Each structure stands twice: as structure tokens, then as C-alpha cells.
Amino acid sequence: MSDVLKTPSFCSAQPKPSEPRPSREEAERAIRTLLLWAGDDPAREGLRDTPARVARAYEDWFSGYSVDPEEFLQRTFEEVEGYDDMIVLKDIRFESHCEHHLAPIIGRAHVGYLPTHRVVGISKLARVVEAYARRLQVQEKMNAQIANTIQHVLQPRGVAVVIEATHQCMTTRGVHKTGVAMVTSTMLGDFRTNEITRGEFLSVIGHPTSSMNG
Ligand SMILES: [Zn+2]
């Protein structure tokens, strides 16, 4: 087991807000304003504690801002008997929120990499997915962030990330397209250049759109 030298973040760095973080009280007041704006009465019994509940839910849904995804990959294992074949973690379920509507994005990520000398505990790949999911996202950006972070920290021969997700801003409003999954992928290194490697990964994770119905 060894610790990788800490390299400066390039993509997982926290956004730097241009304004100071509001107090919890201010956040709850803002939620109360939205309840009024929706047309309801924030003073009625059922809604009285809603601003506080929503603020707490935000702390959970957006907890990804307070973690550094690169840190999950710092601890690696070298004693793998020369194993250098593909490692795939598939069907990592995640919940995220779209940055355009704050609506849920529910989906699965499949992550694969080709280790050089070091492998990482398999649960750590899921932690990286989770860290990015628990921020405001667009699917394409999240896909690239996960792949780039793994590539940057582990320096494997390649990284493949496929994400399938439904966007509730699309299924519950606007065009109301239910059952539509968006599929994105980022292929780096050998997964990009070698068609056989890429094909092997895609067959391990199964056909992207068919597995969404499960
Ligand atoms: Zn949206």
C-alpha cells in the first residue's frame, strides 16, 4: 500500500463563490419565499418546518462541495501480482441535481480503468462518482470530471466512464418525455485509441440503454 504524491487539483477543485455563504437562516428565508411564490401559505402547519427541512436536505444533496474527490484515490494497493487487466465497477447508482432546474438526475455510472502499477479499493470509485453527483451538475460535465480525476490521480493506461441517467427536468415538465435515458461517455487512453479494449468495456457493462429498464 502506498500513498500517491498529492498533485494539485485541476478539475475537482471547489467552485469559488463570488459572494459569501449565506447563513442557515437566510437560506431558510429564501425557501419560504419560494413557497409563497409557488402560491401556498408558508405559515400553514404542513409547511411550517419545510424551509428547515429543505435546508437540511440541501446539506445532504450537495455534500459533494465539501469533499475532495481526488482524496478518495490517494490510497492505492501495489501488491496485485502484476494484475494489469481491466477493472470495471458497473451500475453505480447515483442521485444528482441538474444545475439548470435543480431537478433530480437519477442514474447509474459505469467506471473502468486499466491499472499500471496501482489499483484502488473498488468502493473508492463509487465515492468519486458520489462526490461529483452531490453537486449541481450537467451530465456531460460530471462524466468528464469522474474520468479526468481517475486519470489524473491513478495515471492508468486508460479510463472509461459511461453514465445513463434520467433527468426529471425533462420527465416532469417541459417536453414530459418519460422513460428517456441520456447516455454519455468519456473514453481516455487505451479506451479511446483501442477499439477492442473499448468494446470489451462496453460488453462488460451491457448495452447502455437496455439496462436502464431494470
Ligand atoms: Zn434541468
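1. Cysteine 98 has 5% relative accessibility, so this residue counts as buried. The cut-off is under 20% relative accessible area. Keep in mind that the model is predicted.

2. Cysteine 169 passes the test as well. Its relative accessibility is 11%, and therefore cysteine 169 is also classed as buried.

3. What are the protein donors of the zinc ion? They are Cys98 through SG, His101 through ND1 and Cys169 through SG. These donors lie 2.2 to 2.3 Å from the zinc ion. Water is not among the atoms, so the site may look incomplete.

4. Along the chain, the zinc donors are spaced as C-x2-H-x67-C. Cysteine 98 sits in strand 3 (residues 87-98) and cysteine 169 in helix 6 (residues 168-171), so this pair ties together parts that are 71 residues apart in sequence.

5. On disulfides, the count is 0 for the structure.

6. Now the helix packing. The axes of helix 1 (residues 24-38) and helix 3 (residues 50-61) come within 8 Å. They cross at roughly 115 degrees. The crossing of helix 1 and helix 3 is right-handed.

7. Which residues meet where helix 1 contacts helix 3? Helix 1 supplies Arg24, Glu28, Ile31, Arg32 and Leu35. Helix 3 supplies Thr50, Pro51, Ala52, Val54, Ala55, Arg56 and Glu59. By class, the contact between helix 1 and helix 3 holds 6 nonpolar, 1 polar and 5 charged residues.

Note on methods: Residues are numbered from 1 along each chain as its sequence is written. This is a predicted model: local features need pLDDT of at least 70, side-chain atom pairs count only at pLDDT 80 or more; totals for chains, interfaces and linings use all residues. Side-chain values use heavy atoms; hydrogens and water are left out. Donors are N, O and S atoms within 2.8 Å of the metal (3.2 Å for Na, K and Ca); water is not among the atoms, so sites may look incomplete. Helices (H or I, at least four residues) and strands (E, at least two) are DSSP runs, numbered from the N terminus. Axes are lines fitted to C-alpha atoms, for helices over the stretch in contact, and angles run from 0 to 180 degrees between N-to-C directions. A crossing is left-handed if the near helix is turned anticlockwise from the far one by less than a right angle, and right-handed if clockwise. Contact means heavy atoms within 4.5 Å. Ala, Val, Leu, Ile, Met, Phe, Trp, Tyr, Cys and Pro count as nonpolar, Asp, Glu, Lys and Arg as charged, and the others, Gly among them, as polar. A disulfide is a pair of cysteine sulfur atoms within 2.5 Å. Buried means under 20% relative accessible area, exposed over 50%, partly exposed in between (1.4 Å probe, protein chains only).
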